[in-house]
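Please read the numbered points with the sequence and the model in view.

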Amino acid sequence: MGSYFLRRLGKALVILIGVSFLAYVLIDLAPADPAQVIAAQRLGGHPNADQVAWVRQAYGLDQPLLVQYGRWAQQVLQGNWGYSIRTGNSITAEIGTALRYSLTLALWTLSFVVVVGVALGAWAALRPDSLWDQLMRWATLIIVAVPEFWLAFLLILLFAVQLGWLPSYGAKSGWHLILPLVALGLGPTAQLARLTRILLLDELGRDYLRTARAKGLSARRALLHHALPNIVVPFITLLAVQFSALVGGAVIIETIFTWPGLGSYYITAVEFRDIPVIQTTVLVFAVIISSANLLADLSYGLVDPRIRLG
Amino acid sequence: MQSTTRVHVGIGVGRGQASTVTASKPPRRARSLGFLLTWLSVALAGCVIGMSLLAPLLAPYDPVAVDLATGLQAPSAQHWLGTDQLGRDVASRLLWAGRTSLSVTALVALLTVTLGLTLGLVSGYCGGLIDDLAMGLTDLFYALPQIILTLALLGAVGPGTQTMIIALAATGWMSYARLTRSLVLQCRSQEFVLAAHALGAPLRRILVRHLLPVVIKPVLVQMSLQVGGTILTIAGLSFLGLGIQPPTPEWGAMLVDARPYLATALHLVLPPGLAVFLIVLGCNALAERLTQR
């Protein structure tokens with residue numbers, strides 16, 4: 001277990017270093033001269049060639065890329081993430097606030113996805129190939145195909161404009177969470193319901209459960225006490241994938257509902273070509289997703305003692 | 001239960017992608033219902049695609065002709081789907097938008113498949129350091145959702161159709177590479193490959209003439225799974241104003257234009273979303289059908 005843990009941690013770190021390098025190299029792709037951009041922002045107006053040259057030297061932009069990357073990485077590790085070109089504020093502080101909102105949305109959505117997804121999947125697995133099962137399979141296929149931003153519009157139209165029950169933008173109270181949560185969570189819920197159903201049907205068809213059923217075990221008990229606990233390992237794998245999809249989807253959903261999370265922060269940065277913010281936010285996204293995957297991989301050994309990690 | 005359930009959990013099961021998990025075949029009655037619904041959704045998607053491709057013939061108006069005097073009209077005999085805030089005919093824009101979306105999707109799919117196939121074939125057959133590097137690269141690109149990576153590239157280089165296509169291709173090849181590699185690993189030590197090698201066939205010939213025919217079919221099935229997600233991502237990026245740029249009509253861009261009129265002009269909100277939805281549903285239903293075999 002120990003050596004597996006270290007190896008898995010090492011792999012996650014290598015990936016993060018790779019992502020950070022990718023994020024940093026982005027600067028080289030930008031058509032604008034970073035020295036020019038920084039000079040214009042700091043001095044206001046149009047800086048002359050001397051000023052740009054001074055900035056280039058002062059910020060180390062004349063150094064080789066790898067040296068620049070090394071310096072940047074060192075600063076990031078020290079928690080000094082620089083300043084946003086757009087607002088001039090500390091990126092660390094801005095990301096801290098955004099992260100709180102994002103995690104609130106993500107964790108509530110994830111809970112919703114797991115509870116509803118598993119319930120629907122189990123419900124369908126109890127009556128395979130019935131009309132309800134077929135209906136649910138088609139409902140999930142349909143939901144997965146709906147563009148999430150369109151779904152968000154339809155939800156706003158129905159619940160905010162027509163019925164006036166829920167607010168459609170902002171993040172002032174728990175009520176503000178509901179529409180983004182549904183718009184973001186419906187797709188992953190449908191995916192998870194489908195996958196749970198398949199995994200459960202596979203488990204319910206195994207010999208040990210057929211024997212148990214033949215000896216009089218009720219379908220409900222077979223499902224809840226035998227099949228469900230046994231699908232936890234593949235389920236966690238799927239959950240990690242869905243979590244990653246959720247983080248990606250949140251980018252658009254947060255923008256539509258003006259939820260002040262990491263996703264809308266990222267989009268604003270991309271729109272303004274705010275390179276330092278883009279770099280740091282990409283890295284934060286990578287840390288979040290890598291941690292989730294790491295947690296999933298490490299939890300296998302905990303939930304299934306047969307898996308000897310090592 | 002007679003038939004055993006086949007479970008194959010795919011790699012990239014994200015939003016908008018059909019899952020690669022398949023179950024046992026349902027009984028005949030349910031199967032015929034499913035069959036009907038599958039082909040219904042495929043036919044609807046085919047209609048949308050066909051009409052989009054025929055946009056130059058079918059579209060009644062110029063999709064970018066602005067006429068402020070007739071702005072925001074409700075659907076009528078003259079304008080079947082009404083007009084938008086600039087007086088442009090929504091029906092014409094919808095059809096032309098489909099042309100844009102579909103050609104961009106096709107291009108992205110072609111590029112990603114080529115990239116993934118090449119990398120997968122080479123890394124699977126050559127093995128060793130090349131394989132380690134290629135798979136490391138795959139893990140690296142899997143560390144983030146495609147939309148976040150694509151946005152990072154668009155943010156650095158600037159918005160635009162060309163940049164978006166390159167960014168989507170650069171961030172979407174991983175599932176093909178993994179699939180191809182795993183298939184190549186299965187057959188690289190089989191007789192037909194060994195024989196070709198023993199006869200002195202060069203690497204390129206082995207890859208293209210002997211291994212490619214083996215992997216191409218599963219890769220195409222994988223493409224059918226992924227293409228729905230690609231369409232959604234393109235619409236999403238254009239919705240954010242970073243993909244296809246105005247005045248070129250695009251479904252996602254049409255939706256974001258419709259946003260201020262959400263409460264008042266349903267004819268601007270419903271058609272673009274419905275078009276995307278029908279195409280993605282058709283793709284996913286077809287993909288599900290293909291993976292059931």
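1. A crossing of two helices is called left-handed if the near helix is turned anticlockwise from the far one by less than a right angle, and right-handed if clockwise. Helices here are DSSP runs (H or I, at least four residues; strands are E, at least two), numbered from the N terminus. In chain B, helix 9 passes helix 11 in a left-handed crossing.

2. This is a predicted model, in which local features need pLDDT of at least 70 and side-chain atom pairs count only at pLDDT 80 or more, while totals for chains, interfaces and linings use all residues. Residues are numbered from 1 along each chain as its sequence is written, and chains are lettered from A and ligands numbered from 1 in the order in which they are written.

3. Chain B contains 11 helices and 0 strands.

4. Helix 9 (residues 203–239) and helix 11 (residues 266–291) of chain B pack at about 165 degrees with axes 8 Å apart. Axes are lines fitted to C-alpha atoms over the stretch in contact, and angles run from 0 to 180 degrees between N-to-C directions. Helix 9 of chain B is therefore roughly antiparallel to helix 11 of chain B (over 145 degrees; under 35 is roughly parallel, 65 to 115 roughly perpendicular, the rest oblique).

5. Residues are in contact if their C-beta atoms, placed from the backbone, lie within 7 Å. Among those meeting between these two helices are B:Val221, B:Leu225 and B:Gly228 in helix 9, and B:Val276, B:Cys283 and B:Asn284 in helix 11. The residues of this contact divide into 13 nonpolar, 4 polar and no charged. Ala, Val, Leu, Ile, Met, Phe, Trp, Tyr, Cys and Pro count as nonpolar, Asp, Glu, Lys and Arg as charged, and the others, Gly among them, as polar.

6. The contact between the chains takes 57 residues from chain A and 53 from chain B. Helix 11 of chain A gives the most to its side, with 11 residues. The side of chain A comprises 42 nonpolar, 10 polar and 5 charged residues.

7. In helix 12 of chain A, 8 of the 10 residues are buried, including A:Tyr265 and A:Tyr266. The buried residues pack against helix 5, helix 11 and helix 13 of chain A together with helix 5 of chain B. Just after helix 12 of chain A, A:Arg273 takes a positive phi of about 55 degrees.

Notes:
Buried ≥ 20, exposed ≤ 12 C-beta atoms within 10 Å, placed from the backbone.
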